[in-house]
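The sequence and model come first.

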Amino acid sequence: MGSIRSAKVQRAATTPDALSPDPVKDFERFLHFCRGNRWERLPGWARFFISAGAGLATGTDDQCRTVFAIAVPARGYGATLSASGAVLARAKVPIDRDIHAHFAFLSSLPAGALVRYISPKGTKYVGKLERLAIPDRNGYVAFRSGEIVHRIPVESCCGIQPITDESVRVPKRWSPQPASPDAGLVDALLEPDVRASFRFRSRIECVVVGNERALLDEATAAPFAIVRPGKQPLDGRLQDVLRVRRSCRYGEGYRSEVYPASGGRSLDGLPSPPPLAIFDGSLAFLNRGSLFPSSNWLVILDRTEPRFLDAVSEINRLFLVERVESTAHVLLPEAPRGLDATVFELVAQ
Amino acid sequence: MSEVSLSGIDALYSLSDEPAIHYCHVEHALFRAFCRSSRALIRQLGDEANDPNWIDLTRSLKRYRFVMSAAPLSFNDPGAEPRFSPVLMRSLVARIGLVYPGAVSVARETVELYMRLRQCEDNPCLDCMETLFGQQSAPTALLVRDSRVIQLASSALKTRDALSTYEVVGLEGVRGKTTYDKLIVMGPASWYPDYVFRAPRSGLIYIVGYRWNRIRWQPKPTFVGCDGGFERLDEAKSDLESDTEFDESWPGIDWSLIARHGIAAISDDQDERDHDMVSAYLFVLHGGYAVFLDASDGSHCLAIDPRDHAEAQVKQIDTQHIEPGMFVLMRTEGGGNYIVPVADKILGERANEHRAAQEHWKLRLRNHVVRAGLLETCLELLDLGSLRANETNLRNWMSGRTIGTERENDFVAIMRLVGLADEAERYWKITRVIKAAHLRAGKAIRRRLIEQVANVDVADLERKGTFTFELPDAEGGRLTAFRVESRAPTTMSVPVSRLDRVFARED
């Protein structure tokens, strides 16, 4: 009971070559949560969500997108675990460095805009944008940090990102700071060379729509640990992996964002559609489903919600009226016993 | 609100993995005869069952049948007396014999059976529960379909020592994160939403129902694309209910009936403007209550959303965004509006004078509209400098429920229209003072409520469905939070005086 319609076995072309170790598999196997005073391995349904997020984030296709809807007995941690799986699955995918596009983007920022720069070695700078120039073909971006003006060559300008947290203030004296050595759970999941890029470079791998406060609490407050046999537990938060943009410390790279189910926040700052959109709850899906027409969807519906049947009706309508046959295959786990799920493809818009 | 841990969520996932469901059949010959007879009457009447001559009788009999089938009450429970009394029933049957000769004998039989039941102390459902379950040390809940009978069921359970520790809950009591060792469901499974069994809050479920009702749960796939294993699973068990007579659905909410009774029930002797009609949402509330809330653009009310984070639970919310599961805060004494009395206290000695001034220009405006009509008045206002005069806004500006216009130019246009141009500045200042007082009142009430809600166990609030907050008089007085159970699918036109006033359902 509850198995999805088809178990698809072919990986899509965008999936990176498998590198060892597989951070998603390690995350599933070794992630523990706190029960009472001890660490306990994740239950099967939680591991399922990690796999589902990883599968949907890596199985992308230009023509079609996958909808995976699942009915659960209670909301809680499904969306954040799926998003964590999605982010980890794409952790090793290099971030396209379109230097010229990024230079143009920085040029569009107002003078004095707060920016942070992470050097290739991970040193962190914060300052105010001064000027961008390409004299004699040697382009640079200049920003002032305290008394010092730093010139960053165009080739490294992708390390410069605007700071969107309005509470950040640049002190008059600022010393460059080495990147924090503590990356939390990520320290136990990614190799060092991948880790630096993961922590300090940004790209939205997935968005989660739902009860903002509940989602952010799950990401930032609930304790987790990577517990490998024979090793000390390495504790942290899901945020270490998720890197929700608004909860990142300034200077850190982000990999996901959270939006409210009931509207209110626009989708500013999404330069391109994310590979995966996760709708946590019926309201999130019904209110915001139209906003990600080219992303894969994971729709998590709590059976006890008042609008559950409305959301199911909409999923069924999409299945009956709009689904398409597709050759894009997404590797998805079988839903745990007791859960109903469905998966199908729609045209990517 | 306590945030739920992963271990708490895990417990709910574990329970959803095929809970054990047991079925307990109850028998009572007299009640079976009554059910059969009342159904035969409705079948015989056909469409005429909704005829004004019959509707009160058929509705009352149907309600009694469903209540007795879905709650462990004795047949003579005084709380289960329908609106249409037995005396009226007999009188009706005696009168209409000539007009409906075919149906009168069935009607007479049904009424006589009903009268016998109303003299009968038997409570077979309670007897069944006492025999089968007895005293329970672990948390045990009894789920009833209709929140209006929760109190009655609780009282019935307390008459048996062995059952006195059971908790009686409505549908909302099995939506949250609270779990039970045992859950007893009263009545057929089909009367309950699927989540009771697919997202259960207990690993042991007992469905207790009369033998002539089909009480078994019939699982169905949720999504169209899902496997069809459900039918195969249940085929072997379908023959066990071959002796059932009835397979009827839980009756839907009769919104028009609730609305009719609601408008009639609330009387407001002094209100001269009772003819002012507004568009309203009708909400059914926990415990057998209902309320009309203003559906105009920008209307809002104070609500508690238990799903939100602690700091954000108490909020002013647009009435169109009120959803089942939220709690709306209402005054149940002294009229619906809790802001005005608090705002008047803030205004102090100026309150009477300012309110009188406000009413003065509104009355002039209303009188003008009566003479010239809405459309003409709008055009005149536009000519006099208003930018937002339209029929909807004009109705709002005239209404006693609003303070004034948003923009000064609209207000000045009104002053010019009603001959108060020389005093426009004074009246505008008064309008702003009243608005500021209302804002301060709203904030004060909300602040006090947040403090009190922080001390409430929200899981407890969700189970009980209502809660009364005692605020200082200067900050709202007594406010009761009612859980919203459902909303009418369409808005209704009701007198403005009916808004925000909780009334008992009569359906």
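How many residues of chain A are in contact with chain B, and how many of chain B with chain A?

## Interface of chains A and B

In this predicted model, local features need pLDDT of at least 70 and side-chain atom pairs count only at pLDDT 80 or more, while totals for chains, interfaces and linings use all residues. Residues are numbered from 1 along each chain as its sequence is written, chains are lettered from A in the order in which they are written, and side-chain values use heavy atoms, without hydrogens and water.

The contact involves 42 residues of chain A and 36 residues of chain B, where contact means heavy atoms within 4.5 Å. About 3,300 Å² is buried between the two chains, 60% of it from carbon and sulfur atoms; buried area is the accessible area (1.4 Å probe) that two parts lose on being put together, summed over both. A:Trp45, A:Arg303 and A:Thr304 supply 18% of the area that chain A buries against chain B, more than any other three residues.

Four salt bridges are counted between chain A and chain B, a salt bridge being a side-chain nitrogen of Lys or Arg within 4 Å of a carboxyl oxygen of Asp or Glu. One of them pairs B:Arg198 with A:Asp340, with the closest N and O atoms 3.1 Å apart. The elements that give two or more residues to the side of chain A that touches chain B are β1 (31-35), α2 (44-58), β3, α6 (212-220), α9 and β15 of chain A. Of these, α9(A) gives the most, with six residues. Helices (H or I, at least four residues) and strands (E, at least two) are DSSP runs, numbered from the N terminus.

## Helix α9 of chain A

Helix α9 of chain A spans residues 308-322, 15 residues in number, and reaches 21 Å from its first C-alpha to its last, close to the 21 Å expected; the expected span is 1.5 Å times one less than the number of residues. Its buried residues are A:Phe308, A:Ala311, A:Val312, A:Ile315, A:Asn316, A:Leu318 and A:Phe319. They lie on the same side of α9(A) because they cover an arc of only 155° around the axis, taken from the directions from the helix axis to the C-beta atoms. Buried means under 20% relative accessible area, exposed over 50%, and partly exposed in between (1.4 Å probe, protein chains only).

The cover over the buried residues of α9(A) includes β3 (64-72), α8 (282-288), β14 (296-302) and β15 (340-347) of chain A. On the face turned away from the buried side are the exposed residues A:Leu309, A:Leu320 and A:Val321.

## Charged pairs

Over all chains the count is 42 salt bridges. In one of them, A:Arg35 and B:Asp10 have their closest N and O atoms 3.0 Å apart. This pair joins two chains, because A:Arg35 lies in strand β1 of chain A and B:Asp10 in helix α1 (residues 6-16) of chain B. A:Arg35 is partly exposed at 25% relative accessible area, whereas B:Asp10 is buried at 11%.

Within chain B, the side chains of B:Arg160 and B:Asp127 meet in a salt bridge (2.9 Å, N to O). B:Arg160 is in the loop between α7 (150-158) and β3 (167-169) of chain B, and B:Asp127 is in helix α6 (residues 124-132) of chain B, 33 residues apart. B:Arg160 counts as buried at 18% relative accessibility, and B:Asp127 is partly exposed at 36%.
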